[in-house]
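Here's a quick briefing to read alongside the model. Have a look at the fold first, then come back for the details.

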Amino acid sequence: MKLSLLRLALLGLFAAAPAIPAALATTGDSRAPKKLMARWTNAAPDPGVGLPGWASKAPDVHVHQPRNLTSIPIAEVDLLRRRAMVAFDAVMRQPSLRDVRGTSLHADINISVVPTLDGVRLVGATFTLRAKSVIEGKPDTVPRDGRYLTPSEEGAVLSVFLNPYDMMARRQVQAEGVQRASFQVRTGAAYGLYVADRLPDYDPDSEYGWEPRPLALQLQHDRSWYQPGAAGVHPLLVHLSSHSHENDELRGDRLNPERPAARLAAAMFMTDWEDVQRRMKEVK
């Protein structure tokens with residue numbers, strides 16, 4: 001059952017978020033495709049070709065309250081929403097997503113109780129940014145706010161999980177290395193990046209350097225994002241995925257840098273996620 005957005009508004013949960021400085025641009029992730037980054041790391045890159053694409057001014061917020069379990073308290077909803085907004089603001093400031101052309105951008109924040117394999121009650125929040133091609137001349141390409149979107153197109157998705165328990169417990173997540181204070185992972189060819197106060201143990205020289213299930217067992221008890229003072233490591237996972245062939249082309253640096261997935265990838269690699277995680281923690 002979704003909590004009424006009107007009710008949230010009446011409770012003051014949709015007051016304007018405080019101004020947040022743009023995250024520092026970084027190309028520090030060693031996996032960042034070089035041609036892609038060269039396209040978007042200029043001081044003022046051209047926004048690209050095609051119709052001007054519509055983009056969310058703020059994420060749609062969906063609160064999925066459980067039917068037969070304890071509801072998520074409003075204070076927890078509000079804290080998760082405001083912390084997820086830090087990620088939204090940081091991503092949308094990146095050059096590949098500013099004045100976007102040929103692509104539309106739809107943002108959501110979903111907050112729900114996450115069922116764990118051990119039956120532990122955990123609340124999770126996910127910020128998602130879906131990028132779709134805008135096709136000029138297609139019958140369902142429509143104007144919105146002076147820009148355009150093509151709803152029927154399938155999209156690439158950038159997801160930011162505030163506690164990625166479900167990903168670690170149920171997906172085949174593989175380790176790729178440690179860069180600065182970030183843990184690089186992948187699901188198939190899709191990129192992922194894990195940031196937390198304390199990173200999981202990882203031995204790159206071991207045949208079985210890392211396995212996600214032990215981390216999932218820890219994360220199911222981590223309430224640090226929504227219960228102030230609770231024990232935990234403020235775990236954050238950034239994950240980018242599109243069609244499998246686009247994921248492969250992105251890894252091979254063959255994907256057109258103006259494709260929706262490429263734009264999201266550039267924004268992901270240029271966002272300083274360690275800074276985002278730090279600023280999320282500062283939101284009280």
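Predicted model: local features only at pLDDT ≥ 70, side-chain atom pairs only at ≥ 80, totals over all residues.

The protein has eight helices and ten strands, and buried residues account for 53% of its 284 residues.

**The chain as a whole**
- Look at contacts between residues at least 6 apart in sequence, and you'll find that 74% of them join residues at least 24 apart.

**Helix H8**
- H8 spans residues 273–282, and its buried residues are Trp 273, Asp 275, Val 276, Gln 277, Arg 279 and Met 280.
- Those buried residues pack against two other helices, H3 (74–92) and H7 (260–270).
- They also pack against strands E6 (155–162), E9 (190–195) and E10 (236–241).
- Where H8 starts, Asp 272 puts a side-chain oxygen within 3.2 Å of the backbone nitrogen of Glu 274.

- You'll find Gln 227 in the loop that runs between helix H5 (212–219) and E10.
- Is Gln 227 buried, exposed or partly exposed? Its relative accessible area is 29%, so it counts as partly exposed, since that class lies between the 20% and 50% cut-offs.
- The Gln 227 side chain makes a polar contact with the side chain of Glu 76, at 3.3 Å.
- Gln 227 and Ala 75 are 152 residues apart along the chain, yet their C-alpha atoms are separated by 9.0 Å.

Conventions: Residues numbered from 1 in each chain as written. Heavy atoms only, no water. Buried < 20%, exposed > 50% of the residue type's maximum accessible area, 1.4 Å probe, protein only. Helix = DSSP H or I, 4+ residues; strand = E, 2+ residues; numbered from the N terminus. Contact = heavy atoms within 4.5 Å. Polar contact = N/O pair within 3.5 Å; in protein donor to acceptor, adjacent residues only side chain to side chain.
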